[in-house]
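Visitor: I would like a close look at the aromatic side chains of this model, with some of their surroundings. Please keep it plain.

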Amino acid sequence: MLDIYDSDIATVVYSPAGRGSGVAYLGFTPRTYFEDEAASPPTDVEREAKGLADWWRERRGGADKIAHAAKEDELAIYLAEDQDLAEIEFDEDEDVDDLDDGEILVEVKAARFLTALGLPVPEELSDR
């Protein structure tokens with residue numbers, strides 16, 4: 001399941017979880033976005049990338065160790081980690097046109113994430 005909230009957070013719920021928790025985030029984590037440690041459990045990008053790669057391998061009927069490790073690395077790029085908003089540096093002089101859309105809109109990142117998993121991209125995301 002993929003649930004997008006306010007173009008900043010996407011919650012990914014997957015089952016079976018494999019070595020992951022079964023929940024990962026794209027964009028910001030709820031803990032970061034809401035600046036509230038109680039908003040979600042702490043995230044572990046490496047653990048979730050392993051769990052999602054396990055899910056991907058099972059879904060496709062297997063994968064060798066090299067392909068599995070490559071998929072872990074690929075998926076980790078999309079996953080959000082807990083951050084302190086006060087420590088996130090925003091460059092006010094940076095031209096927004098120079099940023100990749102996947103860094104601005106979680107919908108774009110979600111479409112790319114689904115593609116990386118070999119899943120269909122919903123029409124609402126495919127036009128981004």
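Which residues form one aromatic cluster?

Guide: The model is a predicted one. The residues that form one aromatic cluster are Tyr5, Phe28, Tyr33 and Phe34. Over the whole structure, a search finds 5 aromatic pairs. One of them joins tyrosine 5 and tyrosine 33: the ring centres are 5.9 Å apart and the planes stand at 90 degrees, so the pair is edge-to-face, since an angle over 60 degrees puts a pair in that class. This pair links distant parts of the chain, with tyrosine 5 in strand S1 (residues 2-5) and tyrosine 33 in helix H1 (residues 30-33), 28 residues apart. Both partners are partly exposed, a class that lies between 20% and 50% relative accessible area: tyrosine 5 has 41% relative accessibility, and tyrosine 33 has a relative accessible area of 24%.

A further pair is made by tyrosine 78 and phenylalanine 113. Their ring centres are 6.0 Å apart with the planes at 70 degrees, so this pair is edge-to-face. It also links distant parts of the chain, 35 residues apart: tyrosine 78 sits in the loop between helix H3 (65-76) and helix H4 (101-104), whereas phenylalanine 113 belongs to helix H5 (residues 106-116). Here the partners are buried, because each falls under the 20% limit. Tyrosine 78 has a relative accessible area of 15%, and phenylalanine 113 has 1% relative accessibility.

Helix H3 also holds lysine 71. This charged residue is buried, at a relative accessible area of 10%. When neighbours within four places in sequence are left aside, the contacts of lysine 71 are Ala53, Trp56 and Ala116.

By class, the lining of the second largest pocket has 8 nonpolar residues, 2 polar and 3 charged.

Definitions and conventions. Residues numbered from 1 in each chain as written. Predicted model: local features only at pLDDT ≥ 70, side-chain atom pairs only at ≥ 80, totals over all residues. Heavy atoms only, no water. Phe/Tyr/Trp six-rings, centres within 6.5 Å; stacked < 30°, edge-to-face > 60°. Helix = DSSP H or I, 4+ residues; strand = E, 2+ residues; numbered from the N terminus. Buried < 20%, exposed > 50% of the residue type's maximum accessible area, 1.4 Å probe, protein only. Contact = heavy atoms within 4.5 Å.
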